[in-house]
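Trainee: I'm new to this one, so could we go through it together, starting with the charged pairs?
Mentor: Gladly; here it is.

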Amino acid sequence: MEDVSNIVQLEQHEVQPDSPPPAPPAEGLMQKFRLYETRSNFYMVGRDKTRTFWKILKIDRLEPSELNILEDSATYSERECSDLLRRIHEGNKATGGLKFITTCYGIVGFIKFLGPYYMVLITKREQIGVICGHNVYAISKSEIIPLPNSAVRANMVNYKNENRYKKLLCMVDLTKDFYFSYSYHVMRSLQRNMCDNETGQVLYETMFVWNEFLTRGIRNILQNTVWTVALVYGFFKQATLSISGRDLKLTLISRRSRHYAGTRYLKRGVNERGRVANDVETEQILTEDVPEGLPLQISSVVQNRGSIPLFWSQETSRLNIKPDIILSKRDQRYEATRLHFENLANRYGNPIIILNLIKTNEKRPRESILRTEFANAIEVINRDLSEEKRLKFLHWDLNKHSRSKSANVLLLLGKVATYALTLTGFFYCQATPEMLSGGQLKCPSNENLFAPGMATSTSSHSENGKHNDEETEDSDSSDRKSSGGNSSTNSNPSVRPPMIQNGVLRTNCIDCLDRTNVAQYAYGLAALGHQLHALGVTNSTKMDLDDPLAEELMGCYERMGDTLAHQYGGSAAHNKIFSQRRGQWKAATQSQEFFRTLQRYYNNAYLDGEKQNAINVFLGHFQPQPDKPDLWELDSNQHYNVGRNGQSNSDQYGSDTSPMPNRELFAEMQRVRYLEHENGDAIDCSNFVDLDWLSSSGNSCEEELLERSMLLASPTALLSSENVINETISEITASTSECGSSRRGRDHTGTELGYTEAQNYEVLEDFSDSFVRWVTYGEAICH
C-alpha cells in the first residue's frame, strides 16, 4: 500500500512551520484543488495561489440520489491541513483509507439525470490572457465523476437511458471556447467591473455564465462561490500591438447568452421572455503595458449581435438547402420584441442603435418578409417611448452590394460605426495603482464619468423593464451603471478623467454570423482609432484600412466570426469580404465558400438535433425524470417547459443606444418610407432609415452561392405584414412612398468616404440638420 505520507501530502514541497491562523479566503481566490476519497466521502482540499490558506469540502458518497455537501468552516495552514488528512486516513483504514484521486482547478458543477449525481471538474487548464493583472484560463481537460461509491451505485435502479444522457452532457466540449478567471469577472464588461463591486452568487446568475445551472446546487448549499468557477462560452483572444515604441494589449471577447441558446435552425428569433437566439456580446479592450506602480490606461467598447426579435423560424430540411422563412406568430403589440429592447436598455442604457443588414429585394420574398415586419415592430414600440429612448433603426442591404470592392463595404460600414460611437461613447479609465490594489478593480467617482457627445448623467435610465419573474441577472442593470469606488481622479491632475459607454450598437443579419461579423469588424476598427487616441498613442481617431493594425484586427474578428459560426451554424463563417480585402484568388474564395455552405447544411440537417439536446441538458432547460418523456421524444421548444418537479426554467437578458451619422454620409437622405397595409392605411416609419443608396458594395453569404439569378435592382420593396403570416409567399407587389427629392448619391463608390483626416466626423456640425432632428426627436427626414 502506498505510504500514508505520500497520500496526504498536499504538494511536493517542504511543509512550512505553523504560523498564525490565516484569514478566511475571499470569494473566488482558491485556485488549486486536490480530490481525495474514502468509501463514504470525497474530500476536496483547496488552496489559494499564494499558499496562505487551505480549506476542506466534504461530499457524501453514501446518499444515492441527493446532493449532500459540507464545508469545513475552519481555515487551515498547510501543516494543519496535512495533519487533518492523515487523521482521516487513519480513521478509515478499515474500509481502504484515504486515496488521492486527482488534482483539479475548480468545480464546474453537479448534475443528476435518472440515477446518481455526477461532479464535473476541471483537471487541466491553460492560461490564455491577462486583464488588468488578472489571469484568464481555458479548459484543457475535464472529468465527470459519479458521487456514490460503487457499492451504492450497484444497488440503484439501472436506467437504460442514463448513459445516453451522460453522453449528451459530454457533447458540450468544455475544452472548446469556454474560459474563466478566478479573480476577474469575465462574464461582465470591463466598464461594469470597474463601476460595480458585486461579487458572489449574483455573478453566476447573469446571462453569460453557462454553468449557472450546474453550480446552482452547491451554491445554494454553501451560499458562496469559493469552490466553483464561472464558465463563459464564446471567444477570447489577446494580441500584443507595438505602435511608436509603445506596447499595447488588444483583447477581443465574445460572450454568448445561455438564454434561448442553441443551433441555427432550432433556435431562431425571440421567445416569450424577450430572449433572442444567437445573442452575443462582443467587447474590445485596449490597455497599455506599463511598469508596475504607474497608472494603467484601459479602454473598452461593447457591441451586440442577436437574432431578429420576432417570432419566426426555418424548418430544418434534408431536401431543401434553403428553407422558407416563416413568421410563426402574430403579435399586434410586439410584446416580446418590446421586452427584448427593454432588457437591452437595462443592460447598456439608452440609446439603442439597430443595424439591420438583411436583404431588401428578392424574387421570392424571404429575408424581406422579416425586414418589413421588423420595421413595423420598431414603429409600434417607438410610439410608447419618450423621445430620448426611441429605438434608432438603420437598414442597409449589405448582401445586395456584394459584387463591388470590399473596401467600399468596410468604408461605408465605418461611417455607421463612427456615428454609433459618437452617440454611445466608449469606456476609458486611467487606473492608478490604488484603484487596482488588492486584486479589485475600482472606478473613479461618478461625477468624473462622461461619454463624449452625450449627457453625463446615467440616472435617468428607467428600470421599469424588469419583471418579477426575472432572475437577479436583470438587476445587473448595465454597463451604463456608474456606482463604484470612492477615489476621485480630480485629486491628481496628471490622471485623465474617465469616460463611459452609454448605449450599444446592435447588429443583425439573418443568422447574425457572416454579414454581421463584417459589420462588427468595421465597428471594432472605428473604435480602435478612438481607443488609441484616448490612450495618447495617436493624434487622430481615424484608422486607415491599409494600416497594419487594421489587418491584424481583421484577423482577430475573422477568427472570432469562425468560432461563433461553428458554435451556432456548424461551419466557419463566410468571409468573402475579408478574402477580397486580402486580395485572395477569387476562384479559391468561391470554392471555400461553397464548401462551407455544404458543411453548414450537413450539420444543420443531420447533427443539430443532438447538439441542441446536449445544450438543453447542460443548461438545465431539460431535467430528466423517470416518469416523464425523455428529451429526444420532445421537440426543442418543449424543453423549457419540462423542468424537475414540474417547474419551468427561467432565463434572462438586456442593452441600449442612439445614433447620429455624419453630414456627408446622410446628407442625401431625403425620403421617408411607408409600410402599406391591406386596407391602404400607411404607417409612418420615421424611425426607419434606409442606407441602401449609399453605394454598390457589400458582403456575400451562403445564399448567394445558391442563387444564380440576380437580385432585383428596383426600389426597396416593402411588404404588407398582414400577408406574411403562416404561409408561403410567391410574389408580393411592393410599393414605396417617397417624401422629397429622389435618391441622389446612389452612384457614390464609397472610396471618398474613407477614414481621412480631411473629414472631421467627431463634431456635431458634421451631421445633417435633418438627421440630428431624427436622432433627437424621431422626426421624419423630409424636405
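Trainee: Which residue forms a salt bridge with Arg 192?
Mentor: Asp 196 does, with the closest N and O atoms 3.1 Å apart, where a salt bridge is a side-chain nitrogen of Lys or Arg within 4 Å of a carboxyl oxygen of Asp or Glu. This is a predicted model, in which local features need pLDDT of at least 70 and side-chain atom pairs count only at pLDDT 80 or more, while totals for chains, interfaces and linings use all residues. Residues are numbered from 1 along each chain as its sequence is written, and side-chain values use heavy atoms, leaving out hydrogens and water.

Trainee: Are Asp 196 and Arg 192 buried or exposed?
Mentor: Both Asp 196 and Arg 192 are buried, with buried meaning under 20% relative accessible area, exposed over 50% and partly exposed in between (1.4 Å probe, protein chains only).

Trainee: And what does Glu 367 meet in a salt bridge?
Mentor: The side chain of Glu 367 meets that of Arg 515, at 3.0 Å from N to O. Glu 367 lies in helix α9 and Arg 515 in helix α11, so the pair ties together parts 148 residues apart in sequence, helices being DSSP runs (H or I, at least four residues) numbered from the N terminus. Both Glu 367 and Arg 515 are buried.

Trainee: Which residues do salt bridges with shared partners join into one network?
Mentor: That network consists of Glu 212, Arg 216, Arg 219 and Arg 258.

Trainee: How many salt bridges does the count come to?
Mentor: The count comes to 19 salt bridges.

Technical notes: Helix = DSSP H or I, 4+ residues; strand = E, 2+ residues; numbered from the N terminus.
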